[in-house]
Amino acid sequence: MSNKLISVSKLKKSFGGLKAVDVDELSFEEGELTSIIGPNGAGKTTFFDLISGFQNSDSGEIYLKEKNISNSQPYKIARMGMVRTFQLTKVFDRMTVMENLLFSGSDVSNESFVKSIIKSRSQKSYENDLKQKASEIMDDLNISHMSNAYARELSGGQKKLLELARSIINEPEILLLDEPLAGVNPKLAEDILALIKKLSDSGITILMVEHNIEAVMKISNRIVVLAEGSLIADGNPNQIREDKNVIEAYLGKDDE
Amino acid sequence: MLDQLGNGLLLGIIISVASVALSLLYGVTRIVNFAHGEIIALGAIATLFFSSPVDYRVLFLDKFSPLGLNFAFSCILAILVCGLFGGLLEVLLFRPLRKGEVGNIAVLVVTIGLSIFIRHLYLLFATGRVQNFPLELERRQTYLFFDMTPRNFNVLIAGIVVMSIVGLLLTYTRLGKAMRAVRDSEELSSISGINSDNIILFTWISSSMLAGLAGIFQAVINDVRWNMGFLILLLIFAGTVLGGIGTSFGAMVGGLLIGILVQVSVGLPFMEGHTEAKNAVALGIMILILLFRPQGIFGKKERIS
Amino acid sequence: MTEKISKRVIFAFVITSLSIYLVFVLNPDGALRILLNLLTFAGIYGLSAIGLNVHFGWTGLLNFGHASFMGVGAYVTLLLMPHAAGREGEVTSTGLPFLVALIIGIMSAALFGLLLGLPAIRLRGDYLAIVTIAAAEIFRLLVRDLESITGGVYGIINYTENFQQYRPMFIDKFSESNAFSPSQAWVCLAAWVSILLTVLFLKRLNNSPWGRALRAVREDEDAVRAMGKNAVWLKLQSFMLGAGIAGLSGVLLAFNYGSLETTVFVPLLTFYVWAIMILGGVGSITGPIFGSILFWVIISETDRLAYLLFENANGQQLAGVRFLLVGLLIMLLMIFRPSGLLGKKEELLLDVK
C-alpha cells in the first residue's frame, strides 16, 4: 500500500436489511481524478459518507495515508486533509459569503475562545491574510460581487460555487465532490468542470460522484462504477465506455 | 424491597397508561407535549367535580356545586371531557400551527407555555387543596407478592386490560395501521388516501382520553391536586424514553418499569433517609439511557442526535 | 453582526420607557421603592436571560434547566463564605473573600454546564430539553437532601454581609433621600453593572473568529465538521459560557433575597427566564434587557389584576394569576411574534424541524 492515499477493505454498510455498500477492495492513488458513477441508489454517497466519517460502517476497514480511519470522527478526517462537499449543497445561510470563506479557511487554533477574547495583533494579521486569500478565491470563481451577501440569497449555482470555494480555501490534499454539477446550468457546469480539472492538475487528489456522464468522461483519469453497493467496473474512460456490465447496469447510457 | 413492589406496580400502571398516551401522540405528530400532565389532571379534576356530593365544597370557589353523579359514570364522563379537550387543542391550536409550518422547537415551547397556563388555571379554580374522590376507605389485602387495597388492585387490572386493548387496536385494525402510516410519513400516507388531519385529530382525542384515565388512576391511588400532572410528567418522560420513544409497547413496559424502579429504590441502602429523592433515581436512569441507548429497550434507532 | 440603531431598538426603548412610566402612574406613593425592586429583579433575570440566549439564540440549544445553573453559582459562592445553614443555623464563620468565592461560583456553574453538556449536547433538541429538565430536578432534590451541606429546606442565611460590606457611601445617601433599601440598591447596581460588562464581553466575542465559528455551528454542523472543526466542542464551550453567566445571576438573586433555600431555583424560574428571552428577542444580545424590564412591569402589575378578579386575593391566587400570564405570554409570543422585541426574524432558529 505504498502510494495508495485512500484504501478500503471489505467495506460493508446496510440499512435495515438493504445493502448500501459492499466493496471488497478499492483504493485511490495520489493525484488521480477519479469519478464514481452508477445508477441511483448504487451507494455512491454512502461510500463518501463512510470514507469521510459521516457514517459508520458495519464492517471493514478504511485507510487514509496508511492510517486506519474506520469509524473516526469526520472532523478529524477532515483535518488529515480530506474535505468533502455534499449532495444537498451546504452553505452557512445566515452568514455572508465572505464569512463563509473566512470560517472555512480559518485554523482551529485561530478560533480559540481565549484568543478571541484577547484579540491579539497576531490574530488580526492572521485574519487579514485570510481575507486576502478569500478575496483571491472569490475572484477566481467570479463571486466577488456577492462578498457581503448572505449565503441564503445566492442562486443554486452560486451556492455550489461557494461550497467549492469553501472546500478549497484551506488547500486540502483530497477533495470529495458529491455531484458538483447537479442542477447547474450548462455554462456554469463548464466553468466548474474546468475548475475541477485545474485543481486536479495542481496535485489535489479528487474523487467525484457525478451523474453527468459526458463530463465524467471528459476529465477523469479513472472511473469507478458502483451498482447496488458493489464495484462492477474500474478503469479509464474508454474501458468503461465499452464495459458490458456498466451498460447493463444503466439500461442504456445517460446523456446529459 | 418487596413491600414496595405493590406501590411500584401502582405507580407503574399510572405512568404506563400516561406514557402510552404520550407516545401515541408523539408517534403520530412528533410533538413532545409538555401539557400532557394537565390533561391527566383534567381527568381527575373532572371526575372529582362530577362525582362529589352536591353542595360539597370542592371546586370553583364555592360558586359551582359538584354534580353528585355515580362514580363510574363520572369517570366515563370525565374521560370523554378529556377527549373533547384534546380534540379542541388540536383543532384550535396545533392544527393551525402545523398548517402554518411552525417548527417543532417553537411548538414545544408553546406546549410548555400552555402547560403553565392550564396548570395555574387549575390552581385558581380547583385550588391548591389536596382532595380525594368520594370513595370509602379500604383495607389492604395480599395478592401474590404484594398487598394493596382491592380498589387499587382493580385499577391495576383495569390498566393492563386497557393497554392490551390499545395494543391490539394499534396492531390489527386499519385505523391503527393508518396511524402508524401517518407517523412514518405524512406525505406518503396522504397520497395513499389517508386523511392525515383526521388521523391526527383522532390521535389527540384518544391520547387525551388515555391521559384522563391515567389521571383517574392517579387520583384513586393517591389524590387530586392542581399540579398532579406536572409532578409525574418527568417520570412519564422517563418511562417513554426507557421503553423506547415512538413505540407504544415500549411505553407500556417502560412506564411499569420506571414505577417499580422508583418505589423499589426507596429500599436501597444509600437512599436511607432520602426517600424523597427516589424520583431522582428514575431521572438519573433516564439520562443514562439517553446517553448510551437512546432508542430505549424496544425503540428503533432513529436520529437522536 | 453589529446592531445599528434601528427602528426596532427605538421601539424597544419606547415601550420600555412607557412601561416604567406606567409604574409611576399606577403607584402614586412608593413608586420609587417599587421601581427599585422591579429594576433589581429585571437586572438579575435579564442577566440570566442573556446567558440563556447564548444557549438558545447563539447555539440553538434547548436548555430547560437554566435555574440549576443559577443555583450552582449561588450555592457554591455562598457556601465558600461565612454563613449560617440548616435547621440549627450552624454557623460557618470563616470563608473566602467575596470576589474569590464569586469567581469560583461562576466557574462551578460553567463546570456544571460542562458536566451536563458532555453527555447531553449531542442529543436532538427535544431530548436535550428533557435531559436538562431532569438534571435540574436532580439538582433540586440533591440540594434538598444534602442538608448538612446546603441547609436543605431550612436553607442558608446570614451571608449578605459578605457583599454589603463593600457598599459605597453614596448608595446609602441616595437611598435615604428616596426612602428605599440601600442593600437592595447595591444589589441593583451590581446587577446592572454585571449586565453591562457581560454585554460588552459578548459583543467582543460575537465579532471574533470564535463567535463566527459558533454561528457556523448553528447554521450547519455537518459542514462545520467537513471543515475540520469540532462542532461538539464549540457547542460545549457555548454551554459553559451561558452557564457561567447564569451562575453570576444566581448569586445576585441570592443576595437580593437575603436567604436561600430550595424553593428558589425551581422550574418556574427557568420558565420566567425563557419568557423574558423570547420577549426580548432570541439571538439579540441586548434584547433580554428590554424584555426583562417589560416582563417585570407586566408581572408586578398583574397583582392588580388578581385583586380585580378575586376580592381579598390570597398568595396562592396571586401566584396563580401571575403564572397564568407567564404561560399565556410564552404561548402568544411563540405563535405570533417569536422574534420578540429585538430579535431578527431572519435569524430565527425556530423553523428548525
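Trainee: Why is Glu179(A) called buried?

Mentor: A residue counts as buried if 20 or more other C-beta atoms lie within 10 Å of its own, exposed if 12 or fewer, and partly exposed in between, with C-beta atoms placed from the backbone. Glu179(A) has 20 other C-beta atoms within 10 Å, so it is buried. This is a predicted model: local features need pLDDT of at least 70, side-chain atom pairs count only at pLDDT 80 or more, and totals for chains, interfaces and linings use all residues. Residues are numbered from 1 along each chain as its sequence is written, and chains are lettered from A and ligands numbered from 1 in the order in which they are written.

Trainee: How do you know that the span of helix H13 of chain C agrees with its residue count?

Mentor: Helices are DSSP runs (H or I, at least four residues), and strands are too (E, at least two), numbered from the N terminus. The expected span is 1.5 Å times one less than the number of residues. For the 14 residues of H13(C), 267-280, that gives 20 Å; the end C-alpha atoms are 20 Å apart, so the two agree. Of those 14 residues, 13 are buried. Just after H13(C), Gly281(C) takes a positive phi of about 115°.
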